Amino acid sequence: MTTTQQPIVAAQDGRATRPAAVPTGAPLAVRGVTVSYGEKPAVFSVDATFPAEAMSAIIGPNGAGKSTLLKAALGVIPRLSGEVYVFGQPVEKARERIAYVPQRASVDWDFPTTVMDVVQMGLYRKVGLLGRLSGQMAARARDCLDRVGMADFSHRQIGQLSGGQQQRVFLARALAQDADLYLLDEPFAGVDAATERAIIDVLKLLKAEGKAVVAVHHDLSTVSDYFDHVFLINVRRIAEGPVSDTFTTGNLQATYGGRLAATHLDELPVAGGV
């Protein structure tokens, strides 16, 4: 796999270092990314590479920078430094290959719109904001709702749905974009067990279709069942790699410090049981 030469950036001690080269086939690669809220960095000089045809989890304690890293990669919030690449291209040139599902808490659910309207928003990239959706595109929107089990709610106001139903609708909107890279910010937060299973089934189908999925995730007990790749962060990069090698007690302790009780660690299905 070929790589792209990267600029020199400043390390924590001020010395010039060169971040890891970018694999041109990686669906998402961030290099030397720093984000700050005020004087305190929320993410500091982070390198990460998320593999193709895989489901990747970003995990870490509250305030570790998980959602910040995802938003900075998308350009939703500004980066102080660093670069982001999508399939080897600067993210600014590859946005059409990305679909994003935000945190449910960040959405104005009182906005007067229907379920079908929300899903069709995922198609405007193809026709433009003033373009008219063809019958084929409208059928695609209905199919995406069907894939998440929400076809019977197409004319319902979005604010009338439960939290789990709302999350399914936003996943359907992402499916409508027919992207190659799906970024999700805590997709299972506050949803019922049936919705969580429905969402994970859809995401696994996307992986089987050759797509890449990257999700901010908070439930450590399901990491081994749901994901292939894991990235651990606590402001800085702690570890990353296949779940089978990287989701270890040592890496979790380094990431969470004293925030994880020993009894909790003992109950987790960590790699190698250590």
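Trainee: Which residues form one aromatic cluster here?

Mentor: Rings of Phe, Tyr and Trp (its six-membered ring) pair if their centres lie within 6.5 Å; planes under 30 degrees apart count as stacked, over 60 as edge-to-face and the rest as tilted. Here F188, Y226 and F227 make up one cluster. A caution: this is a predicted model, where local features need pLDDT of at least 70 and side-chain atom pairs count only at pLDDT 80 or more, while totals for chains, interfaces and linings use all residues. Residues are numbered from 1 along each chain as its sequence is written, and side-chain values use heavy atoms, leaving out hydrogens and water.

Trainee: How many aromatic pairs does that rule give?

Mentor: The count is 3 aromatic pairs. One of them, F188 with Y226, is tilted, at 5.6 Å centre to centre and 55° between the planes. The partners sit 38 residues apart, with F188 in the loop between β11 (181–185) and α6 (193–208) and Y226 in helix α7 (residues 223–226).

Trainee: Is F188 buried or exposed?

Mentor: Buried means under 20% relative accessible area, exposed over 50%, and partly exposed in between, with a 1.4 Å probe and protein chains only. F188 is buried at 5%, and Y226 counts as buried too, at 8%.

Trainee: Which residues is L203 in contact with, beyond its neighbours within four places in sequence?

Mentor: Contact means heavy atoms within 4.5 Å. For L203 the list is M55, L171, L184, F188 and V213.

Trainee: Where does R97 lie?

Mentor: A charge sits over a ring if NZ of Lys or CZ of Arg is within 6 Å of the ring centre and within 35 degrees of the ring normal. R97 lies over the face of F87, 3.9 Å from the ring centre.

Note on methods. Helix = DSSP H or I, 4+ residues; strand = E, 2+ residues; numbered from the N terminus.
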